[in-house]
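User: I am new to this structure. Could you take me through it in short steps?

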Amino acid sequence: MSKFGGSLLGVSLLLTVLLAAATTAAEYYNYGSALDKTFLFFEAQRSGKLPATLRVKWRGHSGLKDGLAQGVSLEGGYYDAGDHVKFGLPMAFSVTMLSWAAVDNRKELSGLNQMQQTLWSIRWVTDYFIKAHPQPNVLWGQVGDGQSDHYCWQRAEDMTTSRTAYKLDQYHPGSDLAGETAAAFAAPSLAFKPYNSSYSTILLSHAKELFSFADKYRGLYTDSIPNAKAFYMSSGYSDELLWAVAWLHRATGDQYYLKYTIDNAGYMGGTGWGMKEFSWDNKYAGVQVLLSKVLLEGKGGPYTSTLKQYQMKADYFACACLKKNGGYNIQTTPGGYNIRTTPGGLMYVREWNNLQYSSAAAFLLAVYSDHLSAANAKLNCPDGSVQPQALLDFARSQADYILGKNRQGMSYLVGYGPKYPIRVHHRGASVPSIFVQRSSVSCVQGFDSWYRRSQADPNVIYGALVGGPDQNDNYSDDRTNYEQSEPTLSGTAPLVGLFAKLSVGSYGGGYSKPYQTTKQQATSYKATPTTYTPKQSGAPIEFLHSITANWMAGNTRYYRHKVIIKNSSQKQISDLKLKIEDLSGPIWGLIPTGQKNTYQLPRWQKILRAEQTHDFVYVQGGPQAKVSVLSYY
């Protein structure tokens, strides 16, 4: 033992230093990269005939005959989660969230070159919703039988389960689903307005008709579509009616819709319910934040008094999240009100798929922070006034937890970071692609051959936000553990606006400013871009190098280096191979090829389009590594 003691001690110290460096580096997250991956999840969830430009190459066409048995074409839309049912309520909520991001975070998304991806993600559903709303008082609210679907484990391309379509009409009302879908038309009409005014007008027309239908023929959609009860049971429809008119008012400026929220403020609970949850089922906090914006902009007019009551409830939600609500907070320990934070700081609402509630709350707080900041206002809590930045800080804490700042050291966004779930409760991810295993997979065969296997998924479903850890920050990476390992549309959708907002001024944001920390002075610089033009191709590649953080570990100063690879040509390039020399620390964002000092882009980024960028990060002490191009096509 003594013979090797000195060497072991040296190795131990080195590992400690590297671990400290990696841990410190992990406290800073590339929100831009995380954002890009979320769009890949929506691509993976597409139903219908897929375009050739789809980046998720393991998916194929599916659901091409949806609705035809009922005499309507319902091709398109998104599959809800790890299953293949198209549930209308969570899908509509997800589109409203994506559209809210496109409207409120337009500058950030455009700066990240992600606005087009955002609009594509929205339109894949709005085109489907247009088909699903063929008449003013008809809405097809679901495709697929949840019961039979969940008894099978198949790829979407192999589906043998029922594709029954279910509709709402004046004899079978559903004010909650129709109201949410009205919002999912109104919000996208705002998103598309600067880019496609005619399409925006079409969406707004559907929004108005659907709200009128929802308001005139009232009822719970699960009474008309009982098949949805076991999966997305609605707790009421008043919040969706207020949600729909709040978006219609924002989209049109029509005082009729604003007056509706005032006249029904008490009756429908808009000024009565103080919430600690925002989700696909409970929109009250979202309504309250939307209407607070009207007040903060000084547009309340004769409705100012009631709008102040709405804002008081928005403040209630925000203050509860910050634990400054006079004791009526999200709790730090189990017991009492069921919403609390885990020991690691995650907002914990439900045992089943909790991260969808954390992501939605974080996005809403980021939005409210912006509204308060724009009005130069503070958040008024029972425990004192709070600057809007505190809301953004809490939102960031939830985002960072999701991306790896947690007790497991795991990113719960699949494909992001060095450690993430690899046994996701998702049929398409867990069964080999139809382009690899061309023979169909039967209902039972899928369970026997793929569902219960302990190996990693053959297809990485990038950007999927899984259900997440339990109330004690524990997570079991097990495909059969559907409460924790299943991703959903409604969980991932709020991340688009959240990551876009957090990217501003951080290293994961645009490609101009390195992250600045207030705790320590970070060294930063922007090197003069070096253009590499290999003889075998005429497409120039630029590397933009910056130091985004630095810290001391022992007697060594470590630096976090960010390198942006940019295709500056007008042609796409593929299979890019890089040579990185003098690298002594960990690296993220590239994959080793197996050859010495040679790296390639991740599988999901095999092609760099003209002007497209990809960034990677490494940590080490001393001078920067030398990066050069080996080859590409």
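Analyst: Contact here means heavy atoms within 4.5 Å. Keep in mind that this is a predicted model.

User: Which residues does H425 touch, not counting residues up to four places away in sequence?

Analyst: The cut-off is heavy atoms within 4.5 Å. Residues up to four places away in sequence are not counted. That leaves G82, W153, Y451, R479, Y482, S485, E486 and P487.

User: What does UniProt list for H425, and where is the place of H425?

Analyst: The UniProt record, an unreviewed entry, lists H425 for "active site". As for its place, H425 is in the loop between α15 (388-403) and α16 (427-430).

User: Is H425 buried or exposed?

Analyst: Buried means under 20% relative accessible area. H425 has a relative accessible area of 7%, so H425 is buried.

User: How do the axes of helix α10 and helix α11 run, roughly parallel or roughly antiparallel?

Analyst: Helix α10 covers residues 238-252 and helix α11 covers residues 255-263. Their axes come within 8 Å and cross at roughly 150°. Angles over 145 degrees count as roughly antiparallel. Therefore α10 and α11 are roughly antiparallel.

User: Which residues of α11 meet α10, and how many residues of this contact are charged?

Analyst: From α10 come L241, L242, V245, A246, L248, H249 and T252. They meet Q255, Y257, L258, Y260 and T261 in α11. The residues of this contact divide into 8 nonpolar and 4 polar, with no charged.

User: How does α13 lie to α14, oblique or roughly perpendicular?

Analyst: Helix α13 (residues 304-322) packs with helix α14 (residues 355-374) at an angle of about 125°, their axes 11 Å apart. Angles from 65 to 115 degrees would count as roughly perpendicular. The angle of about 125° therefore makes α13 oblique to α14.

User: Which residues of α13 and α14 make the contact, and how many of them are nonpolar?

Analyst: α13 gives Q311, A314, D315, F317, A318 and C321. α14 gives A361, L364, L365, Y368 and L372. Of the residues in this contact, 1 is polar, 1 is charged and 9 are nonpolar.

User: Where does A366 lie, and is A366 buried or exposed?

Analyst: A366 lies in helix α14. The limit for buried is under 20% relative accessible area. At 3% relative accessibility, A366 therefore counts as buried.

User: How many Å apart in space are A366 and L498?

Analyst: L498 is among the residues in contact with A366, alongside L392, A395 and K501. In sequence, A366 and L498 are 132 residues apart. In space, C-alpha to C-alpha, A366 and L498 are apart by 6.9 Å.

Definitions and conventions:
Residues numbered from 1 in each chain as written. Predicted model: local features only at pLDDT ≥ 70, side-chain atom pairs only at ≥ 80, totals over all residues. Heavy atoms only, no water. Axes fitted to C-alpha atoms, helices over the stretch in contact; angles between N-to-C directions. Helix = DSSP H or I, 4+ residues; strand = E, 2+ residues; numbered from the N terminus. Parallel < 35°, antiparallel > 145°, perpendicular 65-115°, else oblique. Nonpolar A, V, L, I, M, F, W, Y, C, P; charged D, E, K, R; others polar. UniProt positions renumbered as here; feature names shortened; annotations may be inferred. Buried < 20%, exposed > 50% of the residue type's maximum accessible area, 1.4 Å probe, protein only.
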